Amino acid sequence: MRDRESAAKRNPGQPIESLQRDTTSTNAEIQIADPHALSPDVEFDRKWAFALLDRALTQLAEEHKAENKSQLFETLKPWLTGDIEGLSYNDAAKALNINESTIKVSIHRLRRRFRDLVKTQIAATLPEPDLALVADEMSYLVSILR
């Protein structure tokens, strides 16, 4: 009785809330973090990186389409995206009816142009497109994708 009276003095006219929560319900108040999930910051950065790479890849595809080199781009695209399992330079050379050394040079040029487009996309997201900042962001992008 004394406990009840002193509780009423501490909280006059207010309903008493229990400290015990209903652990069987699944409402939004109870959220248990997945220990294997990425933090929201890292997840946001990964989505940013993939969106940036996708924009650069789309721009590169459009450039090749404008030059009537869509078949070359589609054949060499796996060397940009990393999907080259089971592919060889020889297979690509046969598909394009050119020699293997030309394929290697074309892949090198495609990668260089892709890298330039990625840097351009990064520079567009910065308040000041400083070369040092672009290089820092580029290395951060690579670290995120690892």
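Me: How does N97 count, buried or exposed?
Reply: N97 counts as exposed, at 71% relative accessibility. This is a predicted model, so that value is computed from predicted coordinates.

Me: Where is N97 found?
Reply: In the loop between α5 and α6.

Me: And what about its phi?
Reply: N97 has a positive phi of about 60°, although N97 is not a glycine. Most residues other than glycine have a negative phi.

Me: What is phi of N68 near?
Reply: Phi of N68 is near 55°, again a positive value in a residue other than glycine. N68 sits in the loop between α2 and α3. N68 is exposed, with a relative accessible area of 73%.

Me: Let me step back. How many helices and strands does the protein chain have?
Reply: Seven helices and zero strands. Along the sequence the pattern reads α-α-α-α-α-α-α.

Me: What share of the residues count as buried?
Reply: 23% of the 146 residues of the protein chain.

Me: What about contacts between residues at least 6 apart in sequence: what share join residues at least 24 apart?
Reply: That share is 52%.

Me: Now the largest nonpolar core. How many residues are in it?
Reply: It has 27 residues. Those with the most contacts inside it are L60, L80, I103, F114, V118, I122 and L141.

Me: Which elements give two or more residues to this core?
Reply: α2 (40-66), α3 (70-76), α4 (78-81), α5 (89-96), α6 (100-125) and α7 (131-145). The most comes from α6, with eight residues.

Me: Pick V118. What does it touch, leaving out residues up to four places away in sequence?
Reply: V118 touches L52, L53, A56, M138 and L141.

Me: Tell me about α6 then. How many residues does it have, and how far does it reach?
Reply: α6 has 26 residues and reaches 38 Å from its first C-alpha to its last. That is close to the 38 Å expected at 1.5 Å a residue.

Me: Which residues in α6 are buried?
Reply: I103, S106, I107, L110, F114, L117, V118, Q121, I122 and A123.

Me: Why would spots three or four places apart point the same way?
Reply: Because an α-helix has 3.6 residues a turn. In α6, I103 and I107 are among the buried residues, and so are L110, F114 and L117.

Me: What covers the buried residues of α6?
Reply: The cover includes α2, α3, α4, α5 and α7.

Me: Switching to rings. How many aromatic pairs does the count come to?
Reply: One aromatic pair. W79 and Y89 form it, and the pair is stacked. The rings are 5.7 Å centre to centre, with 10° between the planes.

Me: What does the pair tie together?
Reply: Parts that are 10 residues apart in sequence, because W79 lies in helix α4 and Y89 in helix α5.

Me: Last one, D45. Where does it lie?
Reply: In helix α2. D45 is buried yet has no salt bridge.

Me: Which side chain of opposite charge is nearest to D45, and how far away?
Reply: R46, which is 9.8 Å away. A salt bridge needs a side-chain nitrogen within 4 Å of a carboxyl oxygen.

Me: And what does D45 touch, residues up to four places away aside?
Reply: D45 touches Y140 and I144.

Terms used: Residues numbered from 1 in each chain as written. Predicted model: local features only at pLDDT ≥ 70, side-chain atom pairs only at ≥ 80, totals over all residues. Heavy atoms only, no water. Core = buried A, V, L, I, M, F, W, Y, C linked by side-chain atoms within 4.5 Å. Buried < 20%, exposed > 50% of the residue type's maximum accessible area, 1.4 Å probe, protein only. Helix = DSSP H or I, 4+ residues; strand = E, 2+ residues; numbered from the N terminus. Contact = heavy atoms within 4.5 Å. Phe/Tyr/Trp six-rings, centres within 6.5 Å; stacked < 30°, edge-to-face > 60°. Lys, Arg positive; Asp, Glu negative; His and termini not counted. Expected span 1.5 Å × (residues − 1).
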